[in-house]
Amino acid sequence: MRSRYSAYCSKNIEYIFQSYHPEQREANSKAQIEEFADTVHFVGLTISDWSQSQAPLHGDSGSVSFVARYIFSNKLETLTEKSRFTLNDRWYYYDGEIAASTVLNIGRNDRCPCGSGKKFKQCIVHLLSGSILTTPS
């Protein structure tokens, strides 16, 4: 899960796509992955639980429960998911159960949720993942 989160942060679209289980790739195109990665900036990941089991016919499987926080359109969004992974020469993301998310507006003078301690309007860290832009005025 952490590697997929890092791949979203660095916009490594190919890695994200390849880490999907082959049965799931058609429903998750590289264009869709890239569009999402281009429009958000992740600011935190918390792994809350994980488990691994061995099924006789399907090999190893596991689940990871996590909370990911990201900024989208001047709002802090929280994604809570329990993801399912399968092991077949490497771990593949299969699918996940997504819980209702929370959305908080971020005011220009609020502290940036990235943890920099700066006001949101003065923090360049919150810019879209992979973007290098000048400080907003």
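1. Basis. The model is predicted, so local features need pLDDT of at least 70 and side-chain atom pairs count only at pLDDT 80 or more, while totals for chains, interfaces and linings use all residues. Residues are numbered from 1 along each chain as its sequence is written, and side-chain values use heavy atoms, with hydrogens and water left out.

2. Salt bridges overall. Side chains of opposite charge can pair when their charged atoms come close. A salt bridge here is a side-chain nitrogen of Lys or Arg within 4 Å of a carboxyl oxygen of Asp or Glu. Searching the whole structure gives three salt bridges.

3. D38 and K11. These two residues form a salt bridge, with the closest N and O atoms 2.8 Å apart. D38 sits in helix α3 (residues 30-39) and K11 in the loop between α1 (2-9) and α2 (13-19), so the pair ties together parts that are 27 residues apart in sequence. Helices (H or I, at least four residues) and strands (E, at least two) are DSSP runs, numbered from the N terminus. D38 is partly exposed at 29% relative accessibility, and K11 is partly exposed with a relative accessible area of 29%. On this scale, buried means under 20% relative accessible area, exposed means over 50%, and partly exposed lies in between (1.4 Å probe, protein chains only).

4. E14 and K30. A salt bridge joins the side chains of E14 and K30, at 2.6 Å from N to O. Because E14 belongs to helix α2 and K30 to helix α3, the pair ties together parts that are 16 residues apart in sequence. E14 is partly exposed, with a relative accessible area of 38%; K30 is also partly exposed, at 36% relative accessibility.

5. D95 and R84. The side chains of D95 and R84 meet in a salt bridge of 2.6 Å, N to O. This pair links distant parts of the chain, with D95 in strand β4 (residues 91-105) and R84 in strand β3 (residues 75-87), 11 residues apart. D95 has a relative accessible area of 26% and is therefore partly exposed. R84 counts as partly exposed at 44% relative accessibility.

6. S63. Is S63 buried or exposed? S63 counts as buried, because its relative accessibility is 12%. Leaving aside its neighbours within four places in sequence, S63 is in contact (heavy atoms within 4.5 Å) with D49, W50, S51, K82, S83 and R84. One of these contacts, R84, is also the salt-bridge partner of D95.
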